Amino acid sequence: MTDPLVALRPWEAPEVTSWGRLPMNAAVRRPEARCLDGDWRFQLLPAPDAPLGDVWSSSQVPGAWTLQDTGDLPQYTNVRMPFAQFPPGTPAANPTGVYEREVEVPGDWVGRRIVLQVGAAESVLLVHVDEQPVGISKDSHLAAEFDLTDVVRPGSGSVVRLTVVKWSDASHIEDQDQWWHGGITRSVMLYATDPLHLADVTVRAGRSGELRIDCTVRDARGALPGGWHVSGDLEGLPLTQDAEFDRVNAEDERVSDFLGEARLHTTVADVRAWNAETPELYDLAVRLHRPDGTVADASHHRIGFRDVEIAGRDLLINGERVFIRGVNRHDFHPLTGRTPSGDDMRADLVLLKRFGFNAIRTSHYPNDPALYDLADELGFYVVDEADIESHDHAHEIADDPRYLNAFVDRVSRMVLRDKNHPSVVIWSLGNESDYGAGHDAAAGWVRRHDPTRPLQYEGAAKLDWAATDDASDIACPMYAPIEDCVAHALSGRQTRPLIQCEYSHAMGNSNGTLADHWAAIESTPGLQGGFIWEFWDHGILQRLSDGKPVGRAGTGLYGGGVAAPGHRWAYGGDFGETIHDGAFIADGVVFPDRTPKPALYEHREIAAPVRIEGVRHEGIVLGNHQHFRGLDWLAGQWELSLADGPGLTAPARLPDLPPGETAAVRLPFELPRDGGEAWLTLRVTTAEDQPWAPRGTELCLPRVRLREAAAREDSPADQPVEVDDEGLLRHPLLAAAPTLCLWRAPTDNDELGGIAARWRDWGLDALARTVVSVRRDGGRTTVDAEYAGTTGVVRHRQVFTAVEGGIRVDEEAELPDEFHDVARVGTVFETASGLDLLEWFGQGPWESYPDRSAGAPVGHHCLPVEELFTPYLRPQESGGRHGVRRFTLSAPDATALAVELDAPRQVSVTRFRAEDLTAAAHHDELVPRSGCVVHLDAAHRGLGTASCGPDTSASYLVPPGVHRWSWTLRGGRAAGGVTPAPAGD
Ligand code: IPT
């Protein structure tokens, strides 16, 4: 006999969103639940209607079977569907996981209502108990509950079977830019309540201290017996019940169940309001009592008192126009795919706090419930997004009546689940799904059900940012150029807040112009921030020997952003799939192991809570850039860096400064007369333990230049400079002579933005050098050379002059107009091996580029060469340091090579030639060279974000024409340390 659930073919029926599923709610009673996680019997069928076999293996719940060696592997696509069928169609090959286990139902659950909760299943869930059909659910990122009271017997065991169909009509609206998996990815549990139970709890708590709790009770057995009541307390203080239960459904004999509501309320005097800076939470308990006063059901909440409103074009939290420093976050883990643990999620949020983020968009589905508890506790403004993305077939689906129910179902269930979280300040209807009646229907539901929060949907607002009648209360574009946002805010047409739902695409070496975005946001009324795309690089840990994902066994096989030898971070195509979107899955601000990328330091500085506004005669002017907090939780230290002298440090006393205010403070030391260029940095740390940072955690490094560099003169010297007939400098510490370089290993932005293709067309990756002349004139040798590309020739001159202790190199390159936008103009040379430590005066210690240089303060920095390189998943230009004035590469035996630059320049020192990086597809393919590859750039192109969004701004481009730069090379063996730079001034 065919199973009725299978006979329905619900995987190709978008109208069917569920059957037998209980309504979503926000009652929280986790302590009582029995957890059914662990190993379940498992079979992977080739299709949902294929017969069950006799052979069972096992599979871990929660978990993706695609990461558990079942023969079905992860696949990554961005926009396009992984199969050809149009919605609601599915492919014939449709992996279907059957999970089974015995469940013992406790004997004392007799007379109770017994509920099975499946945390998340991807993408259709069919539930059977003892072979009887129980229910169906879709929506891969929300829990489904089923009433098992009539199908299980307390005191005996039952077989629970969960059948999960991978491809369905629902896949077409879960077409997010992420890996496709299959499985039960969140916990499964069983719990019992009294038949008359708390069916839902709705908390409304405003910043004035007013608290209102609506309790919904339900009893499937009929009318409410007399004497039942609810009670509640907030931190032990009893709440008041407004009245008896109001019956919500009709008192009609034909209505079999009872649905009633009661309201509790109180007003908290001197309430400590919740906001992302001071996330004050209160414990709330809500109880349902039997007539004798005993507790039949209880629900516990941590609530926050706060207001969200839109006033004109400002989004206000507790009346304040806050900046939204957001990031898009997926539930991701490199071993488990979609199943981060509670500790993992806490680690994500702790890291985000430490790097200055205050907001999260749960791209592109409701995240694990624990995430919202953490956001409440640690302090984040959350845009909670429904699981709707129909990217590939957006236009067909948005108005398709067959999907209407699914849109409303997904949005409403998210709201019902998450409505009590103070962190959730905005609802989002989903992502990249065009705009249609399905959205308006869902918006209508939200606006009626929860008028306390604004609603956003990029697809609605993008048609006209200034519209006032669509399904979005916020203009929330993605990847809009800065100029467009500013122009809109200045146009006089703006009607609603402008907060980008995605911006600054973090793929590879990226996030160029982030500081320019924020300079515009902070100076333009009407602009309020945005959400960086995205938090994670979604690399999956993969064994190279057999190409399989390592799964949970991979714990400890990575660190510092890099997979252990014999492993790599897999991206699209690495599991042998032919339909995929390559490395576009690796576009986060952290590596797959959560190691921060350098761009995070940029963000941290841009978001600094306290900043140096300038230097005035009365002192250093500090500003408090928070919205709600003073500076009392921060400690500071002044650090003075001198180009040519020892630095100074002193504790900084931070002023008592309300948000938005400035004050001048005196430096506890005088600027020394000597020492050349001088920079003052305020190292800001936490003065006391925070829930997300122990005392002493560094938060930002605002800085200011106190004195410019003085001009230097090298004294001519009388030693020979060795230049061969090819015009190449010979030097004992150089393995390859300095030549001209216009190429960088294309970044993802260079490649996907089409910029690198131009460079290749012009032949910049393989310029042919011809020496034109080598002229020797006493201590000076002039080399003229030509570097020919396919469409133009660069003329290059190097003048080598012997100076005291070394060689001065004056260079000039003239780029033809054809080469109107190149990666770099500069020198490249390679050193002998053994010079493994870099000390430099310039920006650091983090990697920085011309359009991403706000994060790294100017000072003296020192790192082993290996640590200068950033292991972007797909190798590319990496390891640059901006604003370098001079550097020394040294060996343990005190051999050293020192370079003094004529001006702050972009420098990189790595083990890789640009061509090595260009040729590799994964980090593990790189073979480090023994010496160093050194680039000194007269000009280096900004990074921009052209892999998805705007390229860098014109001011960061490298133009054609004449470029000039000079540097002095000194090298040799110095007793007791590196070769000293000449004294300045
Ligand atoms: C946008 C998507 O919303 C997001 O999921 C991700 O794909 C991002 O881009 C790029 O990584 S959609 C894009 C086509 C603008």
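Residues are numbered from 1 along each chain as its sequence is written, and side-chain values use heavy atoms, without hydrogens or water. Because the model is predicted, local features need pLDDT of at least 70 and side-chain atom pairs count only at pLDDT 80 or more, while totals for chains, interfaces and linings use all residues.

In soluble globular proteins, nonpolar side chains tend to be buried together. A nonpolar core here is a set of buried Ala, Val, Leu, Ile, Met, Phe, Trp, Tyr and Cys residues joined through side-chain atoms within 4.5 Å. Buried means under 20% relative accessible area, exposed over 50%, and partly exposed in between (1.4 Å probe, protein chains only). The largest core holds 94 residues. Within this core, L349, F380, L622 and W638 touch the most other members. Helix α5 (residues 401–418) gives the largest share, seven residues. Helices (H or I, at least four residues) and strands (E, at least two) are DSSP runs, numbered from the N terminus. A second, separate core has 58 residues, including V783, F800, I807 and V884. Beyond its neighbours within four places in sequence, L349 is in contact (heavy atoms within 4.5 Å) with R329, I360, L371, L374, A375, L378 and F380.

D177, H364, N431, E502 and H505 come nearest. Polar contacts are pairs of N or O atoms within 3.5 Å; within protein, one must be able to donate a hydrogen and the other to accept it, and residues adjacent in sequence count only if both atoms are side-chain atoms. A polar side-chain atom of D177 lies 2.5 Å from a ligand oxygen atom. For D587, the distance from a side-chain N or O atom to a ligand oxygen is 2.8 Å. For Y479, the corresponding value is 3.4 Å. The protein covers 87% of the 380 Å² of accessible area that the ligand has on its own (Shrake-Rupley method, 1.4 Å probe).

A120 sits in strand β8 (residues 113–122). A120 counts as buried because its relative accessibility is 0%. Its C-alpha atom is 5.2 Å from that of A143, 23 residues apart along the chain.

Cis peptide bonds join V61 to P62, with omega about 0°, and P87 to P88, with omega about 5°. D130, not a glycine, has a positive phi of about 50°. D130 counts as partly exposed because its relative accessibility is 34%.

How values were computed
A residue is near a molecule or strand if one of its heavy atoms lies within 4 Å of it.
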